[in-house]
Amino acid sequence: MSDIKERFLVTIDNTEYDLNLSRQGESCFVELNGDKYEVSFDKLSGQNFLFRLNENSSEINITKNNGTISMFLDGSEMDVKVEPYSLAELRKKVGVSSEGKGVKIVVAPMPGLVLQAEVKIGDEVKKGDSLIIVEAMKMENIIKATSAGTVKAIFVSPGQAVDKNDKLIEFE
Amino acid sequence: MDRKIKKVLVANRGEIAVRIIRGCADAGIKSVGIYSECDRTAYHARLADEVYYVGPSPSIESYLVQDKIIEIAKKSKADAIHPGYGFLAENAEFAKLCETSGIIFIGPKSETIALLGDKLEARKMAIKANLPLVPGAEFDNSNISEVESIAEKIGYPVLIKAAAGGGGKGMRVVEDKEKLSESIKSAIREATSAFGDGRVYLEKYVIKPRHVEIQILADMYGSAIYLGERECSIQRRHQKVIEESPCPIMTPELLKKMGEAAVNIVKESKYVGAGTVEFLVDKDLNFYFLEVNTRLQVEHPVTEMVTGIDIVREQFRIAEGKKLSFKQDDVRQNGHAIECRIYAENPEQGFMPSTGTIEQYREPSGPGVRVDAGVVAGSQIPIYYDPMIAKMVVWGANRTEAIERTLRALNEYRISGLSTTIGFASAVMSNKNFRKGDYATDFVEKEFPEKRFSCHIDDIKQKAAISAAVFEYLGRQKVTVNSPGKKAGNGSTKNGWSQYYRSRSINRMGGSR
């Protein structure tokens, strides 16, 4: 049986993992930081899988969307980016950040009702400033600026219902 | 006075509706459920003996519409309404409407709810019943400049509380004058939205108190007893997340003093039914009256686990006009119970609500584990209501055993599709100071300043990285293997993963044609 090797770069939050994968017959192997693991995937139902890492089993729920994988594992929710290593290297050489420079567009972190905007177009905000108050589940959630910037556009108005990832504010 | 209850309308949703429907069935009583538009397939709407549509999804158009609920009660010939907690549970007007409609309201009389539900009136009642109060508390309504001088007088930090409040809604801690008016405005907005009553007041913010409450039961004939205490100091947003009984610092002397104080205010206010008297306890074991909750509390199962008393069943008995069937001396606290509230929230992002569909759901089981849940696999978590989806309550012979068992059960609990507080609860159970019983209401901020609640997050991340790479690798290989011009027959097509990809590509093809 052929042994197709592939190298991947995986990014979770800001941590990078350099992994080498290979298959030998029925078995799949991963090398990370000099350690070698035998792994397997079995489908449970829908998007739920049983993932085996050596002798340890975990249930994983995996959803793929636009190049990232969102997964639930051991009670944690994670967004994971997987790239072939060569591509990641090329991307880094060219200097294209996968994340972009600063946050230009602020999106709703959850569905809810816009109560009020704390800023107006042209306002300069600092990191941590309140931008918009969204009510969800009877609670007020203050959406704060994650970086400094000038408000270019506000896409919502008080009383408006928003879905998760709907655009709220754009910075210049 | 004695009137047998045969059918109860459960005027609520979620886990508490499920709890009460179960209580009805256990007591041989028929249950009537109500559901809003988005709760059409909710678990409580599947369990009740009869169900009726109550209105559109926003609670103001459904679970809060008093006339509609009374109409359903009459139509379904229910003799009683159990309001659960939240929604209409502490609404005196609704209790009154039940009384005038000839329907038993399972809770105290409307006058009692009005009196104790108004926190300002409740404080007066507590003074009459000789209960110690939080020092330096004063009150006001909306005049900002007046509030500022009152806050100055009390001394910062002050606590803004909603007069009609509960569950931490409309509550804000204010450290200094600059933030006072903004916080008051926001508290008024939140209180108006949650309770339809925007009155707020100020209290001295007692630093590092423990929140300890006494469960009481009182019948129509003036008898009242207490069922021990619950320790509720593990909070976020001033809202309880983990409760236990007994309280780790409780002494028999203190329990007797607090229990008797609770019984005093209950008797003074002519209370009937199940209720909770909340206190703050400082590090020197001084206690201060906080409020009386005139309803069944979220955390009531903790008391049920240690006393063996079914509080919902007792509510039915009291509402039927029966005398309390046991005396204070009959109440025993056996072992230790811990409740973890499971919220659809992301603890790492400041406990932000997380909505969506529960993709996978499996409850823990085994010795000493009870789960009161309002959801099942496939349930949607709507944006309109409280994000609590379940409560996991665990009993152990002693506190250490209860903690170990809680950890075990949390490990078994599987919810995917949205973020929950399961990992957070495990982090609390593993925390050194929690295990010592050494904690107060500032626990979450103090012990987890970085909001990192998973003790093994680096291990989990590494595992996630490996699994994601494998998932991608197997996916790419499969595509390669099946592509024309490439060598066929490579790798295995037998494992579950390959079949998943095949079924996906078949689905895709089917869908595009």
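Biologist: What makes you say that strand 10 (residues 224-236) of chain B is mostly covered?

Modeller: In this strand, 12 of its 13 residues are buried. A residue is buried if 20 or more other C-beta atoms lie within 10 Å of its own, exposed if 12 or fewer, and partly exposed in between, with C-beta atoms placed from the backbone. Strands are DSSP runs of E, at least two residues, and helices are runs of H or I, at least four, numbered from the N terminus. This is a predicted model, where local features need pLDDT of at least 70, side-chain atom pairs count only at pLDDT 80 or more, and totals for chains, interfaces and linings use all residues. Residues are numbered from 1 along each chain as its sequence is written, while chains are lettered from A and ligands numbered from 1 in the order in which they are written.

Biologist: How do you know that strand 9 (residues 210-218) of chain B and strand 10 of chain B pair?

Modeller: Two strands pair if DSSP finds at least two bridges between them. Strand 9 of chain B and strand 10 of chain B have 6 bridges, in the antiparallel sense. A218(B) stands opposite A224(B). In their hairpin, with 5 residues between the strands, G222(B) takes a positive phi near 90 degrees.

Biologist: How many bridges join strand 10 of chain B to strand 11 (residues 239-245) of chain B?

Modeller: There are 4 bridges, and the two strands run antiparallel. Here Q235(B) stands opposite K240(B). This hairpin has 2 residues between the strands, and R237(B) takes a positive phi near 55 degrees.

Biologist: Why are helix 4 of chain B and helix 5 of chain B called roughly antiparallel?

Modeller: Helix 4 (residues 92-100) of chain B and helix 5 (residues 110-117) of chain B pack at about 175 degrees, with axes 8 Å apart. Angles over 145 degrees count as roughly antiparallel, under 35 as roughly parallel, 65 to 115 as roughly perpendicular and the rest as oblique. The two helices are therefore roughly antiparallel. Helix 4 of chain B touches with A92(B), A95(B), K96(B) and E99(B), and helix 5 of chain B with S110(B), I113(B), A114(B) and G117(B).

Methods:
Axes fitted to C-alpha atoms, helices over the stretch in contact; angles between N-to-C directions. Contact = placed C-beta atoms within 7 Å.
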